[in-house]
Amino acid sequence: MLKENLMMLRRIKGYSQEELAERIGISRQAYAKWETGATVPDIEKCSLLADVYGVSLDSLVKPHEAEGVGAIPPAPKGKSIWGAVTVSDRGQIVIPKEARDRYGITGGSRLIILGDEEGIALLPAETFENNMKKAMAFAGLEPGT
């Protein structure tokens, strides 16, 4: 788990083991041992690694897997990856329980579907509506005008 996350994140960020070791004040050999699982960094070094990689300490040390994909890297701070869902013939998906719990999504919840060239995102309707009201007020516009 930790060793896999360290290896994936280092490769994604394009660092060499030597560059990373220098950033956190250790030898390249010490870092290499973490990636092989021969040794484990102390909590202080884990915290430095999490900062360098832009992930939470918790996500750095936990395994991450997505259904149908296998091991995936930890999500950046403030982001989440819950895995893949399958779309039914009617266009329906089942939102993973962890995501429903985190955002308070229950039966009958209203969601806004947002999208760009890369994909779609779901946002609780109340959050979207409140943000739109704030944006309209900031722009000096009244809702509905």
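Which strand is Ile112 found in?

## About the model

This is a predicted model, where local features need pLDDT of at least 70, side-chain atom pairs count only at pLDDT 80 or more, and totals for chains, interfaces and linings use all residues. Residues are numbered from 1 along each chain as its sequence is written, and side-chain values use heavy atoms, with hydrogens and water left out.

Ile112 sits in strand 3 (residues 111-115); strands (E, at least two residues) and helices (H or I, at least four) are DSSP runs, numbered from the N terminus. Its relative accessibility is 22%, so Ile112 counts as partly exposed (buried is under 20% relative accessible area, exposed over 50%, partly exposed in between, with a 1.4 Å probe and protein chains only).

Beyond its neighbours within four places in sequence, Ile112 is in contact with Ala121, Leu122, Leu123, Ala125 and Phe128, contact meaning heavy atoms within 4.5 Å. For one of these, Leu123, the C-alpha atom is 5.1 Å from that of Ile112, although the two residues are 11 apart along the chain.

With a relative accessible area of 70%, Ile120 is exposed.

## Helix 2 meets helix 3

Now for the helices. On one side, Gln17, Glu18, Leu20, Ala21 and Ile24 belong to helix 2; they meet Arg28, Tyr31, Ala32, Trp34 and Glu35 of helix 3.
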